[in-house]
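Subject: Structure handover

Hello,

Here is the structure you asked about, with the sequence. My notes on it come after.

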Amino acid sequence: MKAISEDGWLRRGFRITGRVQGVYYRAWARGVANELGLRGTVRNRPDGSVEVQVVGTPGGVTDFEARLWEGPTAASVDGVESLESSDSLPAGPFQILPTA
C-alpha cells in the first residue's frame, strides 16, 4: 500500500521473492536506499523472502522499487510484491534488521 504523509514523503513496503537470501541482497538494498536518500529497513523472512519498509520522496521510492527487481549479481528475483507499510520506521539511516 502507498501512504503519502502531509510532508509529501511516500511510505511503502515490499516483499521480494526468488533467490534473495545468502546473496547479499539486504546489503545491496541498503546501499541502493542510501544512494537514493531513503530511510527504512530490510530483513530476511523465514519463508526465504526479503521484506523492505521504506520512506522517502515519491520519485526515490519509485526508483527503489524498480531497482528491487535487479538485486545484486548473485540474486535472481522472481517477484516484488507491495505490502502494507509499517506504522513506524527507525530514525536515522537505512538499517538491516534480524530475520523475523
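Below is what was found, starting with the helices.

Please keep in mind that this is a predicted model. Helix α1 (residues 25–35) and helix α2 (residues 58–68) have axes that come within 10 Å and cross at roughly 155°. An angle over 145 degrees counts as roughly antiparallel, and α1 and α2 are therefore roughly antiparallel to each other. Their crossing is right-handed. On the α1 side the contact is made by Y25, W28, A29, V32, A33 and E35, and on the α2 side by F64, R67 and L68. Seven of the residues in this contact are nonpolar, two are charged and none is polar.

Next, the core. The largest nonpolar core has 22 residues, and those touching the most other members are F14, I16, Y25, V52, V54, F64 and L68. Two or more residues each come from β2 (10–19), α1, β4 (50–56), α2 and β5 (76–83). The most come from α1, which gives five.

As for V54, if neighbours within four places in sequence are set aside, its contacts are L10, R11, R12, F14, L38, R39, G40, V61, F64, L89 and F94.

Last, a loop residue. P90 lies in the loop between β5 and β6 (95–96). Its relative accessibility is 30%, so P90 counts as partly exposed. P90 and G40 are 50 residues apart in sequence, yet their C-alpha atoms are 6.9 Å apart in space. With neighbours within four places in sequence left out, P90 is in contact with R39, T41 and Q95.

Regards

Technical notes:
Residues are numbered from 1 along each chain as its sequence is written. This is a predicted model: local features need pLDDT of at least 70, side-chain atom pairs count only at pLDDT 80 or more; totals for chains, interfaces and linings use all residues. Side-chain values use heavy atoms; hydrogens and water are left out. Axes are lines fitted to C-alpha atoms, for helices over the stretch in contact, and angles run from 0 to 180 degrees between N-to-C directions. Helices (H or I, at least four residues) and strands (E, at least two) are DSSP runs, numbered from the N terminus. Angles under 35 degrees count as roughly parallel, over 145 as roughly antiparallel, 65 to 115 as roughly perpendicular and the rest as oblique. A crossing is left-handed if the near helix is turned anticlockwise from the far one by less than a right angle, and right-handed if clockwise. Contact means heavy atoms within 4.5 Å. Ala, Val, Leu, Ile, Met, Phe, Trp, Tyr, Cys and Pro count as nonpolar, Asp, Glu, Lys and Arg as charged, and the others, Gly among them, as polar. A nonpolar core is a set of buried Ala, Val, Leu, Ile, Met, Phe, Trp, Tyr and Cys residues joined through side-chain atoms within 4.5 Å. Buried means under 20% relative accessible area, exposed over 50%, partly exposed in between (1.4 Å probe, protein chains only).
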